[in-house]
Amino acid sequence: MSALKKPRRGPVSDFKTIPTRSLVLILLPTLVIIAFFLASYGSFIILSFREMVPGTSQVTGNWSFGSYRRFFRDTVYPYFMFQTLLRAAQVTVIGLLLAYPLAYCVARTASKTLRQLMMGAMIIPLLVGGITIVYAWMVLLGNVGLINTALKALGIVKTSIHFLYNWTGVIICLVYFVIPYAAFSLIGPIRNVPRTLEEAAVNMGASRLTVFRRIVFPLTLPGVVEAASLTYSLGLSAFLFPMMLGGGRVKMMSNIIYETIYITFDFPFAGTLAAILLVVSIFVVTVMTRLQRLARRVYNE
Amino acid sequence: MPDRGFDVEFKCIRKRYGSIEALRGVSISIRRGELLTLLGPSGCGKTTLLRTLAGFVRPTEGEVWLAGERVDEVPPARRNVGLVFQNYSLFPHMTVFDNCAFGLQMRHLDRSTIQKRVEEVLNLVHLAEFSGAYPSQLSGGMQQRVALARVIAIQPRALLLDEPFGAIDRRLRDEMQVEVRKLQQKLGITTLFVTHDQQEALIMSDRIVVMNEGRVEQEGTPLDIYDSPRSRFVAGFLGMENLLPVTVVRRTADQAIVHVTEGPDLVVPLRAAPQGDHVTLAFRAESVSLVRREESAGAEAGEASNVLSVPGTLEFLMNLGARVVYEVRLPDGKLVRGEAQRTDRTRAFGVGEPMTVTLKGDYCVLLPESGAGT
Amino acid sequence: MNKGSAPKLTREPGALGWPLGLMAALIIAFLILPVLFVIFYSFNESAYFHFPPTGLSLRWYANFFRLHYFRSGALISLALAAVVTPLSVAMGVAASYGLIRGKFRAAAFINALLMSPIIIPGVVTGIAFMTMFKLIGFTWSFGNLVIAMTLICLPYTVRTISANMHGLNPNTEEAAVNLGASRWTTFRRVVLPQIRPGIVGGMIFVFATVLDDVSVVVFLTSYKTSTLSIAAMGYIRNKDDPTIAAMATMLIALTIVLVFVIQRVVGLEKFMSVE
């Protein structure tokens with residue numbers, strides 16, 4: 001038998017669906033664009049360490065931490081950052097509170113048509129886009145808009161409620177925007193809770209509220225954290241809604257960055273702000289992912 | 001040099017994945033038109049060996065020969081063997097017809113030839129009326145028949161079946177086993193069949209190779225393997241429930257006398273010859289018979305013979321419809337498992353009662369004390 | 001069917017307790033109301049909101065098409081979508097196939113990098129590209145938009161196509177090879193047809209994103225090259241007549257058509273990955 005053994009002619013590997021050479025070729029465009037986008041982030045981070053020639057829109061060749069010092073010294077900037085974080089949290093909480101019952105109904109409805117109708121209603125705001133949403137709410141919430149007109153006609157108020165040009169309208173609109181994302185994200189985790197568990201709890205005498213509180217919600221907790229993460233990211237990124245519905249009085253981080261470029265022309269500082277927002281966003285997502293893993297371990301198995 | 005008459009040959013196949021050896025020097029030959037089954041538990045390497053023939057696994061060492069040619073370097077698309085998977089793997093977006101035509105299209109045959117050939121194979125598996133259907137519209141058994149038709153269409157040099165009936169429910173499985181076997185014999189295709197189900201192997205095969213942990217344990221006809229396992233592993237895998245440690249008192253050319261328990265010794269034919277004085281006596285539950293002590297003739301004292309009757313206590317009894325299974329405890333502590341038809345006599349058995357167990361030496365096999373892999 | 005006190009949880013939402021059903025209905029109404037309102041308002045005769053409306057008219061639609069910056073914006077946006085969609089989809093298919101069937105250890109990491117634009121605020125991405133393009137001197141506005149949008153949309157296409165591809169039985173690809181197919185033929189005839197739903201789903205996300213994005217493109221548009229969304233944004237800041245409602249209604253109609261397409265080709269549930 002040993003006479004038949006041949007010396008090995010190099011590494012022996014099984015048949016691969018994609019041989020290495022082809023793999024590099026296939027992934028090349030993707031890798032190129034990833035490299036480009038990483039370089040782009042690098043470029044503005046580098047920019048944030050530069051200085052502006054005063055009075056012009058030229059960038060000098062000096063390196064400095066000036067922009068960063070300015071961010072922390074001018075307390076207004078940390079304030080805006082903090083406010084952005086807070087408001088995003090507000091949107092997340094309200095959004096989840098509204099999205100969960102919706103997701104639960106879609107997940108547990110037996111009728112397929114009803115489910116599809118509900119999902120259709122949820123997907124339209126999602127696909128139709130920011131401009132449409134912003135415009136709709138601007139007209140709805142205006143002083144002579146539909147809501148105020150209706151409220152006055154019904155005698156509930158005498159003068160118009162000022163929804164626009166303050167945080168109220170912005171929050172309403174943001175919540176409106178995030179509900180479909182949060183709801184779709186929650187449907188899967190809710191579905192994964194076997195109905196039989198709920199039935200068993202009812203069978204043992206639990207009220208519906210108890211069933212939710214002690215069985216359904218804990219088991220969907222990882223999903224809730226993931227939905228919260230998604231919603232919070234959307235909140236942090238808010239740009240169009242605060243700009244349009246806030247009328248200059250409501251500023252979230254993205255708006256500050258925009259103004260720094262288009263009003264102050266301070267590119268390095270804009271880079272600084274963007275870099276800080278980037279870091280905060282990544283940090284938040286990382287924290288949320290950890291929380292999600294924790295929730296999964298605590299409540300499952 | 002290729003041996004004439006062997007369609008498929010594995011020569012000293014070794015396969016290593018990192019530090020794990022999936023195959024440790026396996027050599028098997030399959031004759032033309034033969035259905036050879038690789039039988040063994042999961043992880044024994046049978047699927048790896050099958051996939052080596054298919055070309056998806058490249059052996060670390062050794063050679064693979066197909067129809068007189070060495071095919072190690074031939075890529076899987078060119079080997080012209082037909083692989084049938086456990087989960088059918090029909091193309092879900094193609095009709096039955098298109099599925100079967102696929103291999104022929106790869107060979108660039110013209111449309112009318114393809115049409116004819118596909119109709120032929122669909123007729124062979126009795127699914128001609130379904131040629132326009134999609135796999136999702138067919139039952140599991142039907143899908144598997146299409147999978148079979150699909151590979152037969154290309155007229156492969158060998159047929160490779162990887163646990164093809166695993167996903168099919170029990171009742172249908174028996175029918176399909178017979179159907180596939182008949183088809184294989186009719187077409188005379190050399191076939192390599194992989195399964196972990198000993199029943200299936202016994203039904204379908206011309207020859208069986210029992211594998212364990214990357215090695216060949218035993219090779220032979222179904223009856224050979226069934227009646228004369230040569231190791232504890234093969235005996236256990238093929239359902240020989242009784243493996244009693246006994247001592248050899250004396251050997252002759254074709255027989256051995258073994259001391260089983262208190263009482264006379266048993267004469268056992270010597271088929272393979274495990275060395276040493278301490279061996280394992282292996283026998284099937286079916287070859288044991290049981291009567292109540294009071295009904296048996298008095299215990300035979302004296303000489304060794306090829307029938308052994310010993311007293312024991314009935315410890316366990318279960319009715320399984322037409323059969324009963326039971327366990328009897330011998331005075332020295334050994335446990336004997338038996339099986340019998342359910343009769344009026346067995347209905348009278350009661351757990352805890354004294355019984356007499358009878359064993360026929362001709363139905364026993366001697367195995368090494370602890371076989372490889374047990 | 002066992003009668004008796006079997007819990008009624010398994011039937012309609014009404015049985016779950018009418019409060020829950022009512023809540024869900026109210027929330028759905030909340031979601032739909034603005035959409036319906038915009039459609040209704042687009043036909044408003046007067047430039048302001050009155051209830052009851054003074055009359056119905058199509059003048060705002062006419063106005064939309066009359067204004068050159070909307071016409072040019074619409075054209076640019078559609079052209080952008082026409083270019084970005086195939087680019088994004090092609091790269092999405094390649095990336096998904098390479099990452100899923102390539103079976104190498106860095107695949108998860110590369111996948112995470114690919115998905116990251118979703119969690120990064122649009123403004124940050126906009127600034128990143130603006131700075132980069134200025135740095136390398138690539139000032140062709142439309143080109144900037146194409147590259148930036150392709151990157152933003154890539155996570156969507158990769159997500160839908162990957163989800164589709166994960167559900168594929170890898171044995172079918174082996175079966176094809178066994179029957180004599182080359183790797184390319186296997187991809188073309190076995191993999192590609194099966195990921196069509198993922199591709200369509202991805203296309204729809206891309207289309208919606210390109211038409212809608214503001215926070216990224218606002219840093220990349222120029223006076224001559226402006227997208228529909230930016231043109232609309234500019235218009236809203238100055239005037240609030242129903243012209244935008246007309247534009248929005250057309251977008252809503254388009255969205256409804258897309259939703260039907262989704263339902264036919266993919267199924268709404270699979271599209272939003274809720275199965």
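In what order do the strands of the open sheet of six strands in chain B stand? The order is E6-E7-E8-E3-E9-E10, and the pairing is mixed. Before I go on, please keep in mind that this is a predicted model.

I'll stay with that sheet for a moment. Strand E6 (81–84) and E10 of chain B stand at the edges with a single partner strand each, so one side of each is left without a neighbour in the sheet. From one strand to the next, the twist averages 20°. Further in, strand E3 (residues 35–39) of chain B and E9(B) run parallel and are joined by four bridges. To pick out one position on that pair, B:Leu38 has B:Val209 in E9(B) as its bridge partner. There is also a helix on this sheet: helix H4 (residues 140–152) of chain B packs there and touches both E6 and strand E7 (158–162) of chain B. The direction of H4 makes about 170° with that of E6(B).

Chain B has another sheet to look at. This one is an open sheet of five strands, in the order E15-E19-E16-E17-E18, and its pairing is antiparallel. Its edge strands, pairing on one side only, are strand E15 (288–292) and strand E18 (335–341) of chain B. Here the twist averages 40° from one strand to the next. Strand E16 (residues 307–320) of chain B runs antiparallel to strand E17 (residues 323–329) of chain B, with seven bridges between them.

Now chain B as a whole. Its secondary structure comes to nine helices and 20 strands. The C-alpha trace spans about 80 × 50 × 35 Å along its principal axes. Of the 374 residues in the chain, 43% are buried. If you take the contacts in chain B between residues at least 6 apart in sequence, 68% of them join residues at least 24 apart.

Seven residues of domain 1 of chain C are in contact with seven residues of domain 2 of chain C. The touching side of domain 1 of chain C divides into five nonpolar, two polar and no charged residues.

Next, the contacts between chains. Chain C meets chain B with 15 residues from chain C and 16 residues from chain B. On the chain C side, helix H7 (170–178) and helix H8 (183–194) of chain C are the elements that give two or more residues. H7(C) has the largest share, seven residues. By class, this side of chain C has seven nonpolar, seven polar and one charged.

The contact of chain A with chain C takes 77 residues from chain A and 70 residues from chain C. The largest share on the chain A side, 14 residues, belongs to helix H1 (residues 20–47) of chain A. The side of chain A that touches chain C divides into 52 nonpolar, 20 polar and five charged residues.

The largest nonpolar core holds 272 residues. Which of its residues touch the most other members? They are A:Ala99, A:Ala103, A:Val134, A:Cys173, A:Ala274 and B:Leu160. Helix H7 (residues 167–191) of chain A gives the most to this core, 17 residues. As for B:Leu160, not counting residues up to four places away in sequence, it touches several residues, including B:Leu50, B:Leu53, B:Val81 and B:Leu192.

One more helix in chain A: H11 (residues 253–262) is mostly covered, with seven of its ten residues buried. Among them are A:Met253, A:Ile257, A:Tyr258 and A:Ile261.

Technical notes. Residues are numbered from 1 along each chain as its sequence is written. Chains are lettered from A and ligands numbered from 1 in the order in which they are written. This is a predicted model: local features need pLDDT of at least 70, side-chain atom pairs count only at pLDDT 80 or more; totals for chains, interfaces and linings use all residues. Two residues are in contact if their C-beta atoms, placed from the backbone, lie within 7 Å. Ala, Val, Leu, Ile, Met, Phe, Trp, Tyr, Cys and Pro count as nonpolar, Asp, Glu, Lys and Arg as charged, and the others, Gly among them, as polar. A residue is buried if 20 or more other C-beta atoms lie within 10 Å of its own, exposed if 12 or fewer, and partly exposed in between; C-beta atoms are placed from the backbone. A nonpolar core is a set of buried Ala, Val, Leu, Ile, Met, Phe, Trp, Tyr and Cys residues joined through C-beta atoms within 7 Å. Two strands pair if DSSP finds at least two bridges between them. Axes are lines fitted to C-alpha atoms, for helices over the stretch in contact, and angles run from 0 to 180 degrees between N-to-C directions.
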